[in-house]
Amino acid sequence: MIFLSPPHMSGKELEYIEDVFKSNYIAPVGEYLDKFENKIKEYCNISNALGVINATSALHLALRVLGIGKDDIVLSSTFTFIGSVAPILYVGAKPVFIDSDKSWNLSSKLLEEALKKLPKKPKALIVTHLYGQMADIEQIVKICKEHNIYLIEDAAESLGATYNKKQSGTFGDFGVYSFNGNKILTTSGGGMLVSKNKEWIEKARFLATQAKEDALYYQHQEFGYNYRLSNVLAAIGIAQMEVLDERIAKTREIFRWYKEQLQDIQEIEFMPELPDSFGNRWLTTVTLKKSDPFKLVQKLQENGIEARPLWKPMHLQPLFENEQSFLNGVSEDLFNRGLCLPTPTNSSFNELEKVIKVIKKYVS
Ligand SMILES: *Cc1c(COP(=O)(O)O)cnc(C)c1O
C-alpha cells in the first residue's frame, strides 16, 4: 500500500520518549513540552507558543481568547477542512464563507466584498494555507487591519511555508499548526497555538488547563478545557522538528518528480505557487481538465494507492446549508476536478512509479 502522507519518524523519537519516562514526567506537562514550544518559537520566529492536543483545539482557544461568542460573525475560507471551521460553532458564532482565488486559497477580492456587504461587522477571519501553500497573506493582513478584524491563520497544513521569507502562522493575531498523523510532521496527535501577544497565549494556557484560578484550592471564575499536549507526545515533536527542513525538501522533490513524470499529459495541471511564496508542498495536488477525478481516486485505491479528492468546500456541506457565503465558483470547480496524490516522504520514486502507471492508463 502506498499512503497519502504516512508518519515518517526521524529515528530519535524513542530516545526522547525514554528520557521522558526516566524523568517520570510522562504527564501532564514537563520539560519536553517547554522544549517543543521553544523549537516552534525559534523555527517560526514568533515570541509565544502553546502546545495543545490538536490544531482544532488551538483554534477554539484563539476564538475564546478573542472573546468571540454567540451570534458573532467569523469569516472563513470555504476551501478547507472541517477542523478549521468547527471551532466557530463551538463558541456559538456564525461562519460566513469566502471563496478562493487562483492560489486556491481565500480571495482577498471577495473578502473585501464581504466586508462591504455584510450588515454586521465580522469579528475575525480564519484563513487556511491549503496543502502547505501560502494564501495572499500580505493583502489579507492589510484588509483585516483596515477593517479592524482579528486574523487567525490556519497553518495546520503549512508548517515551514513562507511568504517573503516570513513563516505561515506568524502574520495574524494567532496562528495554529497541526501534528496530526497525516501532516508533514506528526506527534501522533498534537497542535500548537502561536501569537506575538504574550498575554493572549497566557490566557490560552489558562483556558487549556481547566481555567484554574491562582488559589490554594480549586477556584473557578470561567470555564476552560483540558487541552494541553502531553510531555510524551512533545518528545516526539522535538525529534520531528529536527527533520522538518528535510521533509519539506522531500515533499517539494516529490512534487517536481510528479510534474516531470506527467508533463506530457495535457489533462493534468498542478497547484500553483504564488510569487514571493514558498510552499511546503505537504501534498502534491492536481486538477484534471476533462477526466473524472473521483474515478481516478477509485482506480488508484483499487491498485493499493491511497489518493483523495480535494477538500469539499464548506459552503457545499449540508451542515452549513443555511450559512452565508461569498462565492465565485473557484473552489467548487477545483473540488470537481481535483485530487491529492500520495506524497509519502519515506517512499522511493521506484515505488511511486506505480502511481504514474495507474494515472497514465486512466487518463489516456
Ligand atoms: C488537519 C487540519 C486541521 C485540524 O488539525 P487537527 O490537529 O487534526 O485538529 C485544521 N485545519 C486544516 C486545514 C487541517 O488540514
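Which residue has a backbone N or O atom 2.8 Å from an oxygen atom of the ligand? In this predicted model, that residue is A55. Of the 380 Å² of accessible area that the ligand has on its own, the protein covers 94%.

The ligand is surrounded by 16 residues, and the closest are T56, D154, E157, S178 and K183. Sorted by class, this shell consists of nine polar, four nonpolar and three charged residues.

Elsewhere in the chain, an open sheet is formed by three strands with antiparallel pairing, in the order β7-β6-β11. Strands β7 (166-167) and β11 (277-278) stand at the edges; each has a single partner strand, so one side of each lacks a neighbour in the sheet. Strand β6 (residues 162-163) is joined to β7 by two bridges, and these strands run antiparallel. Within this pair, Y163 stands opposite K166 of β7.

The loop between β13 (308-309) and β14 (325-326) contains N322. This residue has a relative accessible area of 69% and is classed as exposed because this value is over the cut-off of 50%. Along the chain, N322 and V297 are 25 residues apart, and a distance of 30 Å separates their C-alpha atoms.

How values were computed:
Residues are numbered from 1 along each chain as its sequence is written. This is a predicted model: local features need pLDDT of at least 70, side-chain atom pairs count only at pLDDT 80 or more; totals for chains, interfaces and linings use all residues. Side-chain values use heavy atoms; hydrogens and water are left out. Two strands pair if DSSP finds at least two bridges between them. Helices (H or I, at least four residues) and strands (E, at least two) are DSSP runs, numbered from the N terminus. Buried means under 20% relative accessible area, exposed over 50%, partly exposed in between (1.4 Å probe, protein chains only). A residue is near a molecule or strand if one of its heavy atoms lies within 4 Å of it. A polar contact is a pair of N or O atoms within 3.5 Å; within protein, one must be able to donate a hydrogen and the other to accept it, and residues adjacent in sequence count only if both atoms are side-chain atoms. Accessible areas come from the Shrake-Rupley method with a 1.4 Å probe; for residues, only the protein chains shown count as cover. Ala, Val, Leu, Ile, Met, Phe, Trp, Tyr, Cys and Pro count as nonpolar, Asp, Glu, Lys and Arg as charged, and the others, Gly among them, as polar.
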